[in-house]
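I opened this notebook to record what I looked up in the structure. The entries follow in the order in which I made them.

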Amino acid sequence: MAAALLAHRTGERVTVSSAGTHPADEVEPHITQALTEAGVDLADTYPKPLTEEVVHAADIVITMGCGDACPVVPGRRYLGWPVADPDGAPIAVVRDIRDAIDAHIAELLTELGA
């Protein structure tokens with residue numbers, strides 16, 4: 001959700017990658033619904049595994065509950081956003097999670113002057 005929301009907010013101004021420590025086979029329908037409601041296009045979006053290469057390519061790495069499973073690369077800025085896991089949550093909870101992530105994104109963009 002974070003990558004899709006960030007890409008939606010910034011368009012071409014920021015390169016966004018998304019990856020998970022244990023990615024699902026597809027984007028969960030309730031997550032797709034919550035993002036579509038926010039105007040986010042998920043065309044060509046699919047879960048990808050988190051690799052060291054993905055982290056090496058990043059300037060800022062946002063984590064949301066991966067703990068010790070996330071690769072740590074020196075010289076990268078890491079931000080841990082404490083949000084609930086939307087897996088299996090009712091749509092109302094997924095919307096709250098979406099909005100919490102979007103608030104973190106707004107703060108980050110303000111900080112970066114983007």
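I began with strand β1 (residues 60–63), where Val61 and Thr63 form a covered face and Ile60 and Ile62 an uncovered one. I recall that side chains in a regular strand alternate between the two faces of the sheet. The model is predicted, so that local features need pLDDT of at least 70 and side-chain atom pairs pLDDT 80 or more, while totals for chains, interfaces and linings use all residues. Residues are numbered from 1 along each chain as its sequence is written, and side-chain values use heavy atoms, without hydrogens and water.

I then looked up the partner of β1: four bridges join β1 to strand β2 (residues 77–80), and the two run parallel. Tyr78 in β2 is the bridge partner of Val61. Strands pair if DSSP finds at least two bridges between them; strands are DSSP runs of E, at least two residues, and helices runs of H or I, at least four, numbered from the N terminus.

I turned to helix α2 (residues 29–37) and noted His30, Ile31, Ala34 and Leu35 as buried (under 20% relative accessible area, 1.4 Å probe, protein chains only). They lie on the same side of α2, because they cover an arc of only 130° around the axis (directions from the helix axis to the C-beta atoms). These buried residues pack against α1 (2–10) and α4 (91–112). Just after α2, I found Gly39 with a positive phi of about 85°.

Lastly, I noted the order of elements along the sequence, α-α-α-β-β-α.

Methods. Buried means under 20% relative accessible area, exposed over 50%, partly exposed in between (1.4 Å probe, protein chains only). Contact means heavy atoms within 4.5 Å.
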